[in-house]
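Trainee: I am new to this structure and would like to go through it slowly, one question at a time. Could we begin by looking at it together?

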Amino acid sequence: MDAILLQLLNGLDKGSAYALIALGLTLIFGTLGVVNFAHGAIFMIGAFCAVTLSKLFNMSHKATEPTGTDFLGNPKFDDILYVVDWFGEDAGAWMVDWAVPLAILFAVPIMLAVGFIMERGLIKHFYKRPHADQILVTFGLAIVLQEVIKYFYGANPIPTPAPEAFRGSFDFGVLLGFDPNAVIYPYWRLIYFAFSALIIGGVFAFLQFTTFGMVVRAGMADRETVGLLGINIDKRFTIMFGIAAAVAGLAGVMYAPINSPNYHMGMDFLVLSFVVVVVGGMGSLPGAVLAGFLLGILESFASMNEIKNILPGIDQIIIYLVAIIILLTRPRGLMGRKGVMED
Amino acid sequence: MLALTKKDLSLLLVVAVITLAAPIILNPFPSGSGMSQFNAGYPDLMQRFVIYGIFAIGFNILFGLTGYLSFGHAAFLGVGSYSAVWMFKLLSLNVIPAIMLSVVVAGLFSVLIGYVSLRRSGIYFSILTLAFAQMSFNLAYSVLTPLTNGETGLQLSLNDPRILDGASAATYPNLFGAQMNDSTTIALGNWSFTFSVGYYLCAILLLLAFYISIRIFRSPFGMMLRAVKSNQQRMNYTGLNTRPYTLAAFVISGMYAGLAGGLLASMDPLAGADRMQWTASGEVVLMTILGGAGTLLGPVLGAGFIKYFENIFSKINEGVLQAWFAFMPDGLQDFFVAIIYPFVGKGWHLTLGLMFMLVVIFLPGGLVEGGQRIGRMFRRKSRSETPDGKTTPAE
Amino acid sequence: MAILEVKNVGKRFGGLQALNDVNLSIVENSVHAIIGPNGAGKSTLLNCLVGKLIPDTGSVMFDGQSVLGRKPYEINQMGISRVFQTPEIFGDLSVQENMMIPCFAKRDGSFELNALTRVTSQRDILDKAEEMMVEMKLADKRHMPAASMSRGDKRRLEIAMCLSQDPRLLLLDEPTAGMARADTNNTIDLLKQIKEERNITIAIIEHDMHVVFSLAERITVLAQGTPLVEDTPDKIKGHPKVREAYLGESQDAA
Amino acid sequence: MSFSNLTRRGVIKTGAVAGAGLALPTYLSAAAHTGFTNAPTGDTVTLGFNVPQSGPYADEGADELRAFELAVEHLNGMGDGGMLNTFSSKELKGDGIMGKKVQFVTGDTQTKSDAARASAQSMIQKDGAIMISGGSSSGVAVAVQDLCQSAGVVFMAGLTHSNDTTGKDKKANGFRHFFNAYMSAAALAPVLKELYGEDRAAYHLTADYTWGWTQQESIQASTEALGWSTVNNVLTPLAATDFSSYIAPVLNSGADVLILNHYGGNMVNSLTNAVQFGLRDKQINGKNFEIVVPLYSELMAQGAGKNIAGIVGSQNWDWKLENEKGDRYKGTNAFVQSFGEKYGFPPSQAAQTCYAQTLLYADAVARAGSFNPCAVGEALADFEFDGLGNGPTLYRAGDHQCFKDVVVVRGKENPENEFDLVEIVEVTPTEQVSYDVDHPMFAGGDLGECNPGA
């Protein structure tokens with residue numbers, strides 16, 4: 001029982017990341033009809049926003065007086081952080097510690113800009129082109145983006161820890177009457193889950209309660225009508241792309257403490273997020289969220305030893321297996337509307 | 001001749017001449033010159049050009065004709081390689097049974113996957129094939145290690161049974177005694193050209209594969225496949241069952257992939273799981289689109305282009321660059337090296353990514369379209385030079 | 001005698017009874033029109049005849065054989081050809097190739113793996129396609145990609161493709177929808193010519209009364225999923241029920 | 001200093017100009033006469049350095065490449081000579097190898113067997129390389145070693161840690177300086193006993209591929225010999241990025257030690273996840289919960305950041321060895337000095353093994369008086385040497401594996417800078433990590449005959 005509860009929690013957390021990436025992907029696909037292979041790279045850029053802010057806060061200059069010698073025997077100078085110089089000891093230390101949450105503020109404008117530039121500069125020329133062309137050009141873009149990041153940040157993962165206050169884990173089991181340590185869960189992952197729930201709620205509220213959102217939903221229901229909706233449709237497309245980029249980017253920012261970001265983390269998520277979108281139903285927002293959580297939870301359960309002993313290697317293939325079964329039995333996905341991309 | 005039209009025949013002949021003379025054509029720069037870095041005329045790379053060319057030709061029969069975008073074709077290549085190496089280990093180092101088995105096993109495997117995946121179309125089909133290939137890759141790396149030798153890759157060992165070969169037989173895959181890695185080098189002045197057995201076996205099979213692909217393109221079957229891409233609804237209401245057509249195309253392209261896999265293993269007897277990863281499947285998609293999907297020559301061009309990049313650009317290091325620009329004054333030399341360095345050597349992926357984007361943005365029809373545009377430009381120019389040409393601009 | 005016999009066919013979509021106890025028989029070598037206001041169930045009925053939909057109840061017999069449960073391509077192979085509201089042709093292929101494909105389907109059946117024969121060696125198919133192109137005045141557009149033709153030419157090509165299979169029953173789904181008056185008249189003339197020259201049964205679903213009354217020998221009026229009345233055009237014109245249900249709303253069309 | 005007038009750029013330039021001067025691909029024309037592949041004719045000899053330049057191990061590959069460049073520089077008599085001055089064999093005079101100036105070509109393995117073989121092939125066929133070195137994964141090492149065997153060139157393995165490289169997949173043309181999974185386990189066992197006692201229950205997470213399996217098998221055997229029990233061994237997919245679902249059940253399993261048989265990105269992520277779950281703050285069975293990572297590199301420690309603090313693991317070499325453990329490890333400081341002067345930071349263990357391999361190869365050629373792979377093999381067989389930073393070392397003839405001391409390290413609690421992440425806990429002497437050639441974990445292979453090619 002406790003083991004099942006534990007994996008359920010883990011699945012929620014993995015699902016949050018899948019859901020957030022898939023949400024943007026399906027938003028772009030459902031409205032603009034574009035298959036965006038660079039979406040994983042956007043997630044990666046989000047994570048590197050956190051890395052960058054943390055690096056900025058950690059920028060330092062050398063002290064004037066040497067304090068010892070370095071490994072070659074040369075005099076060594078202590079590093080003094082600029083933020084400490086500017087904001088004082090306590091505030092500076094706090095900023096370094098809280099770099100990741102602060103990066104959310106930093107990332108939103110950057111990710112919106114990334115989205116706008118991508119849409120205006122590239123994607124808008126591909127609305128009418130075949131999916132294969134869209135895939136190729138966005139795949140090329142994804143490679144370029146990750147190579148640029150690699151050029152500046154290297155290939156090695158860069159540790160980007162959460163604030164001190166959120167390290168360690170919370171013992172759920174004790175609350176529920178299990179033994180201590182039976183059901184523990186890291187604080188930061190709880191925050192990640194809450195954060196993604198907030199973002200998902202925000203996106204849904206935006207689509208539900210604003211005029212803009214209604215237009216978008218109308219467009220997703222019937223793509224042709226989007227074209228008939230009047231004057232400023234181009235602008236709406238751009239904004240939509242920006243929002244999708246911001247959602248994936250924020251998912252990346254908050255993900256940075258969970259796994260040290262590296263330049264190819266986007267590719268690692270790309271295939272999975274496509275599977276999530278398809279399982280959920282192309283162009284269905286609730287579908288993307290549901291499928292994200294469902295696949296996350298299934299993946300967690302498949303990694304339990306009790307299950308692996310019966311089906312060796314099941315954790316290697318579970319996601320793909322589920323995708324195959326869903327596509328064969330219910331081609332429009334869990335919550336897709338009939339007829340979208342079905343023929 | 002060969003039941004081809006004049007145009008197709010001349011295309012085949014051009015390809016044949018280029019392929020057979022490749023060891024010379026691909027070595028245009030004298031060895032020792034700074035430009036010799038760009039020579040590609042050594043056996044291993046030429047074999048890869050040709051083998052991936054076969055792979056892409058097969059993929060194009062599926063994708064170029066029917067429009068079904070498979071993201072899992074690398075699985076068939078991988079299966080082909082594994083079958084070939086098993087054949088080398090168990091039966092004989094002669095490449096013929098190995099290649100035959102690769103084609104057959106890849107064919108059977110593609111019947112299985114194709115039968116299931118073709119129940120869906122569009123992006124759903126792509127995801128299904130991707131899922132199958134990723135499952136094959138993940139299992140080959142882990143659970144199926146006894147069959148695949150996991151991360152290390154399946155390779156020959158000294159105590160393989162090889163029941164058809166005697167104890168004294170060759171130690172390398174061979175064609176009735178001619179080892180795949182045998183070669184002769186002819187030196188002409190500063191140039192030297194290497195002709196290897198393995199390359200010529202691949203080249204002949206490429207020509208055969210290319211010829212069959214022309215025949216398929218020009219056959220009623222090929223026409224039906226293009227009809228599938230154009231309008232499945234009309235196909236159905238014209239009394240044609242699209243499923244067996246697409247399945248046949250899928251299996252044919254799977255067999256091409258198996259042939260490519262078998263050849264890879266024959267040239268270099270090791271089969272690794274990496275060959276089945278989704279990025280490997282993506283690579284053949286890129287080759288086909290880059291070259292020009294649905295054209296005869298495109299896939300071969302695309303394959304050559306990508307493999308050239310992978311093998312030549314990745315080897316240009318800072319030292320090589322310094323040498324190229326050594327004739328310049330120091331400041332200028334540093335400047336040029338600093339500009340070019342991010343795009344070569346460890347940065348070759350960046351160049352590749354930019355290349356994809358440029359080609360798709362400006363040449364949606366791939367390199368073949370680029371060639372046609374250049375051809376048209378020349379023709380237009382020559383026409384405009386005639387006195388009565390209508391295109392002569394008024395002054 | 002009736003070539004197509006529809007008996008007690010019913011089809012329900014969720015809460016909507018799209019077809020309710022439809023009986024219809026189409027006599028061989030006649031032109032039979034099915035008319036009705038929007039939502040009367042015309043398209044649903046048509047889709048039940050060609051295998052796209054399977055009715056919940058009833059039977060559809062073509063030439064003594066049931067079509068129910070058969071796939072569209074099987075029904076086509078039985079001898080029913082369908083023309084769509086918007087012309088369904090192979091846009092990427094040339095007109096000549098468009099013409100050849102139904103000829104292959106007629107000759108080789110629903111699947112044939114002739115991957116290594118040459119299209120250019122198939123004399124019988126080429127001749128048949130040529131004959132049809134000449135007959136349908138498409139020969140000068142032989143090498144044009146079909147998608148680049150005018151709508152009227154696309155319609156003609158589609159009809160030509162259907163006729164090249166010598167179908168026993170030709171189903172037309174609003175063949176003049178969205179056409180200019182001149183194109184509509186051309187299409188009417190074409191269909192009249194087909195009716196005169198060929199030994200063929202035509203069933204036509206149409207909105208445009210001008211077309212219906214120019215062509216049809218018998219007319220079935222469908223309203224709310226049920227056949228209202230079936231008779232000759234003259235009788236239909238004056239029928240009070242029809243006027244009430246249908247013509248009253250579209251005087252100018254008639 | 002004697003070389004201060006030689007800037008780095010100048011060195012590269014000289015090397016490269018000479019490289020451009022490298023005439024004909026000498027290999028084939030010469031092969032017929034000399035009886036081995038790529039026999040150098042002219043006054044130069046070409047070595048091929050095949051390292052990951054793209055993909056997740058690119059930074060490790062870059063460090064290996066730095067070491068190779070440095071080694072070539074020293075062989076050609078430029079720079080301060082590095083470990084040439086401390087090396088016990090004195091055959092190398094700084095005039096290249098047997099009087100031939102050393103050139104090198106580089107390639108990108110992409111950490112994929114296929115790409116690595118293609119790149120090695122091109123160095124052999126196109127550039128006429130006579131020796132291939134480098135790599136940072138066992139799959140790639142085994143694949144390239146196999147290729148070099150059939151092509152008839154020498155393979156001096158870089159970073160490869162699987163037992164198989166000199167076990168069931170060993171080849172006569174291949175040589176490994178780096179230690180292996182068995183040695184890691186054998187070196188760790190006494191330290192683990194001292195640090196954590198004899199009564200421990202271990203939970204293994206193992207990357208589900210061949211290296212992971214051999215590492216897990218080795219460490220399980222050696223810890224069980226101490227009296228530890230093994231609670232569970234869970235295989236994790238290589239492609240996994242989030243290990244939470246594998247780590248979450250650990251605390252409740254009754255285990256009090258978690259052993260992560262992961263490498264590279266897998267290790268960085270699984271360790272980060274384990275620390276996130278607070279494993280290191282917990283007490284189980286009245287003991288502090290501990291995490292052990294049998295093999296980790298400096299780069300992985302950097303990737304894991306603060307999470308590496310207090311984690312015990314093993315290394316082939318560490319740049320502080322000579323300072324902390326005395327001049328048994330002489331050569332270390334010489335190497336660190338010349339690497340540090342050139343690049344500004346201390347070298348990694350991957351760099352050290354690649355540097356040592358290059359020197360060992362050059363020395364074997366010089367001692368054999370021939371570039372013939374078979375002669376080189378004979379010169380390296382049962383070769384005993386010292387002064388390359390690892391203490392007295394033996395290149396065993398039976399499997400072409402080096403036997404030397406193994407360094408047991410622990411992540412520093414308060415590292416002074418990003419290059420000083422580990423502290424040396426212990427150096428386990430050679431005797432304790434040695435094994436027989438026919439040890440069951442290494443069985444099933446055969447060196448075969450050396451192949452000179454051509």
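Mentor: Before we start, a residue is called buried when its relative accessible area is under 20% and exposed when that area is over 50%. Please also keep in mind that this is a predicted model.

Trainee: With those cut-offs in hand, is M183(D) buried or exposed?

Mentor: The relative accessible area of M183(D) comes to 1%, and the cut-off for a buried residue is under 20%. Because 1% falls under that cut-off, M183(D) is classed as buried.

Trainee: Which residues does M183(D) touch, leaving out those up to four places away in sequence?

Mentor: M183(D) itself is found in helix 6 of chain D, which covers residues 181–196. Once residues up to four places away in sequence are set aside, the residues that M183(D) touches are Q401(D), C402(D), F403(D), V406(D), V433(D) and Y435(D).

Trainee: And what separates the C-alpha atoms of M183(D) and G107(D)?

Mentor: These two residues are 76 residues apart along the chain.

Trainee: Let us turn to the domains: how many Å apart do the C-alpha centres of domain 1 and domain 2 of chain D lie?

Mentor: The domain assignment gives domain 1 of chain D as 8–179 + 322–399, while domain 2 of chain D is given as 182–315 + 408–433. Between the C-alpha centres of domain 1 of chain D and domain 2 of chain D, the distance is 31 Å.

Trainee: How many residue pairs are in polar contact across the interface of domain 1 and domain 2 of chain D?

Mentor: The count of salt bridges between domain 1 of chain D and domain 2 of chain D is zero. For polar contacts, with both residues at pLDDT 80 or more, the number of residue pairs across this interface is nine.

Trainee: Moving on to the chains, which residue of chain A forms a salt bridge with D242(D)?

Mentor: The contact takes 48 residues from chain D and 38 residues from chain A, and the area buried between these chains is about 3,300 Å². Across this interface the rule finds one salt bridge. The closest N and O atoms of that pair are 3.1 Å apart, and the partner of D242(D) is R189(A).

Trainee: What is the area buried between chain D and chain B?

Mentor: Here 53 residues of chain D are in contact with 53 residues of chain B, and carbon and sulfur atoms give 48% of the buried area. The area buried between chain D and chain B is about 4,100 Å².

Trainee: Which helix of chain D gives the largest share of the side that touches chain B?

Mentor: The count between chain D and chain B is three salt bridges, and D114(D) forms a salt bridge with R275(B), the closest N and O atoms being 2.4 Å apart. Among the elements that give two or more residues to this side of chain D are helix 1 (8–21), helix 4 (113–125) and helix 7 (210–226). The largest share, nine residues, comes from helix 4 of chain D.

Trainee: Finally, which residue follows helix 1 of chain C?

Mentor: Helix 1 of chain C, residues 42–50, is mostly covered, with eight of its nine residues buried. The residue that follows helix 1 of chain C has a positive phi, near 95°, and is G51(C).

Definitions and conventions:
Residues are numbered from 1 along each chain as its sequence is written. Chains are lettered from A and ligands numbered from 1 in the order in which they are written. This is a predicted model: local features need pLDDT of at least 70, side-chain atom pairs count only at pLDDT 80 or more; totals for chains, interfaces and linings use all residues. Side-chain values use heavy atoms; hydrogens and water are left out. Domain bounds come from an automatic or database domain assignment. A salt bridge is a side-chain nitrogen of Lys or Arg within 4 Å of a carboxyl oxygen of Asp or Glu. A polar contact is a pair of N or O atoms within 3.5 Å; within protein, one must be able to donate a hydrogen and the other to accept it, and residues adjacent in sequence count only if both atoms are side-chain atoms. Helices (H or I, at least four residues) and strands (E, at least two) are DSSP runs, numbered from the N terminus. Buried means under 20% relative accessible area, exposed over 50%, partly exposed in between (1.4 Å probe, protein chains only). Contact means heavy atoms within 4.5 Å. Buried area is the accessible area (1.4 Å probe) that two parts lose on being put together, summed over both.
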